[in-house]
Amino acid sequence: MVLNPVLGKLVSKRVVLASASPRRQEILTNVGLRFEVVPSWFKETLEKSSFAAPYEYAVETAKQKALEVANRMHVKHLRTPDVVIGADTIVTVDEQILEKPVDKQDAYRMLSRLSGKEHSVFTGVAIIHCSSKDNQLETEVTDFYEETKVKFSDLSEELLWEYIHSGEPMDKAGGYGIQALGGMLVEYVHGDFLNVVGFPLNHFCKKLAELYYPPSKHNVQHKKYDSIPSVDTFENLSDGESDSSNFTEHKGASKLDSSGMCSSGAIYNSENSSSVRTGFMVPLENQNGVSESGPKLPSKILELMDGFRASKALFVASKLKIFDHLKHRGPLKAVDVSNEVRTSVCGTERLLDACAALGLLEKTPQGYSNTDSANVYLTSDGEYSLHGYIIHSDDHLWPLFTNLESAVKEGSRQNHRAFGKKAEDLFKDYYHSEEVKQRFMAAMHSIAHLTARDVATAFDLSRFKSACDLGGCTGALAHELVQIYPNLKVTVFDLPEVIANTSYFQPSGQHMAPVTFVSGDFFKDNLPEADLYILSRVLHDWPDEKIHVLLSRISAVCKPGCGILLAEMVLDDEKKNRSTALLQSLNMLVQTEGKERSGSEYRSLLEQHGFTNVKIRLTGNLLDVILCAKT
Ligand SMILES: Cc1cn([C@@H]2O[C@H](COP(=O)(O)OP(=O)(O)OP(=O)(O)O)[C@@H](O)[C@H]2O)c(=O)[nH]c1=O
């Protein structure tokens, strides 16, 4: 495998693909890159005549798409990505730039222009490396383009219209998809096929190699990077050389463990510990000095095998409030932390070291201190504290997940095995004790607060005058909504046990008037009147039968034009790409009768109750958003 070493450089980074194109997602997923998808909101309206060459237009558009996402993620979530990738594909013929057709007539114009001729497909790509200094986003942009020439056969009118009516042209530059039916129109392709499909993978890998393995004096003389470097080339690149790259590696990304394995997939040859090999095929020399290929290092599998250890280390550090202590008193030595939290020195030191290697803490000669993200997310009073959710995960989800095998065998929740009692009503279980209720509410508040801005801004909701957040718990989303839409009045509707406990979670110093709390059970009691009903992380708790009851109750009080806003993790229709959401669906299996659903499943549920014009936005945050209106 020659590609993995370069892509392996991205393993420990938060990589974001700023593109809604399913083709780009597939091309990069197929080579094992792990990334989040955050489609860009940049409008592709740059003035084409201001560019000397068409590829400059594609490159600039790609750059603007990626920068928009980098900025948005930095400003909105305090979650600066490490690398954002943007791309833009255009077709040029007779010095005209063709983008995606706006309608069938436009597709006809484009395709008849391409008929019987050779044209060029350019994809511009921008790779943005991001960092945050004093809360300011800093970016380093690398961009390039790739050109592929494509020749179409002569297309008859009949063929052309048949192709247009297939629907394939509409979301594709030049009005065709070479990877599908459009392939039948093509006489020849000169250049990179994937570049036509939407992403020049080969050139992208070369760029990464240039960035992460800048040629040293030594190999400038001997090596020419005019193709993707071979394994041999990579073997000669020590980490020393890669460290000279501008881009710092994630801390601990290449740490050795006792078995000689590196977390990034690098391995030390025991006979030559100074050379780090980042390939997955590990050439080792046998006694005769002949190279043999060792087994592949399955770093993804190893990471998954260890995943629970990392989770538990995070849970224990959170439970011991180590991040809180370090926020106020750090840097501290292990012995001081152990005194503060009353634990053994040797155990504490190992936990702190593990947390530092996982990137949760900094370790310096002065001691351990929090990273910026530990201060924001892991302290119990951090601005976007996940502390509540972490404690809930440890106390509640962990015991349930240890019974995952039974859940899979039986197809049902496991409260009886985890907690020794039969699950009655999902929420009654949470609310049977004050302590469990507080913990659950804190967990829900953590997630609602972290996602509220993206949920509230996924669609323009300014046409609605009143909203009712059904199961709105502590009101975290409601408060965000009234900040963003000052004319909106929001009612939070939840069970009496919840409403009685919301005061602790209210933001201080805000004008509280527009958010009202009303108690009731949305399956039984009258629903407050509203133009917009919000269900955030509600439907995934329930089986379809219960959802039909709830949606029919909402539909009965909803006037035409009024809407429903759902916030859920939305699965892709094939249920194969979004591992966080698919794991969340297992999480629902172990504890509820609900599940995560795909966009089409939600659409179908809503349409059965008279809600149409269903729009789905993937936010790149933990929750996606669906908006629909009653007709
Ligand atoms: C020529 C050709 C193009 N495409 C698709 O055309 C879109 C171009 O549009 P874009 O503006 O570059 O991208 P987008 O789809 O709008 O996504 P985004 O990156 O969010 O702007 C991309 O999808 C490409 O795959 C194919 O799937 N096959 C082909 O043969």
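In the predicted model, strand S3 contributes the most residues to the shell around the ligand, namely three. S3 spans residues 83-93, and helix H2 (22-30) and helix H6 (193-197) likewise each supply at least two residues of this shell. The shell holds 21 residues, of which Ser19, Arg24, Lys65, Lys100 and Val197 come nearest to the ligand. By residue class, the shell comprises eight charged, seven nonpolar and six polar members.

The protein buries 94% of the 610 Å² that the ligand exposes when taken alone.

Aromatic pairs were searched for across the whole structure, and eleven were found. Such a pair is described by the distance between the ring centres and the angle between the planes. The pair of Tyr55 and Tyr145 is stacked, with 3.9 Å from centre to centre and 15° between the planes. Tyr55 belongs to helix H3 (residues 54-77) and Tyr145 to strand S6 (residues 136-152), so this pair ties together parts that are 90 residues apart in sequence. Tyr55 has a relative accessibility of 27% and therefore counts as partly exposed. Tyr145, at 31% relative accessibility, is also classed as partly exposed. Ring pairs join Tyr55 and Tyr145 with Phe122 in a cluster.

The pair formed by Phe522 and Phe523 is edge-to-face, because the planes of the two rings stand at 70°, with the centres 5.1 Å apart. Phe522 is buried, at a relative accessible area of 12%. Phe523 has 17% relative accessibility and is likewise counted as buried; the cut-off for this class is under 20%. The ring of Phe523 also has a charged neighbour: the charged end of Lys546 sits over this ring, 4.5 Å from its centre.

A further charge placed over an aromatic ring involves Arg72 and Trp41. Here Arg72 lies over the face of Trp41, at a distance of 3.7 Å from the ring centre.

Notes:
Residues are numbered from 1 along each chain as its sequence is written. This is a predicted model: local features need pLDDT of at least 70, side-chain atom pairs count only at pLDDT 80 or more; totals for chains, interfaces and linings use all residues. Side-chain values use heavy atoms; hydrogens and water are left out. A residue is near a molecule or strand if one of its heavy atoms lies within 4 Å of it. Accessible areas come from the Shrake-Rupley method with a 1.4 Å probe; for residues, only the protein chains shown count as cover. Helices (H or I, at least four residues) and strands (E, at least two) are DSSP runs, numbered from the N terminus. Ala, Val, Leu, Ile, Met, Phe, Trp, Tyr, Cys and Pro count as nonpolar, Asp, Glu, Lys and Arg as charged, and the others, Gly among them, as polar. Rings of Phe, Tyr and Trp (its six-membered ring) pair if their centres lie within 6.5 Å; planes under 30 degrees apart count as stacked, over 60 as edge-to-face and the rest as tilted. Buried means under 20% relative accessible area, exposed over 50%, partly exposed in between (1.4 Å probe, protein chains only). A charge sits over a ring if NZ of Lys or CZ of Arg is within 6 Å of the ring centre and within 35 degrees of the ring normal.
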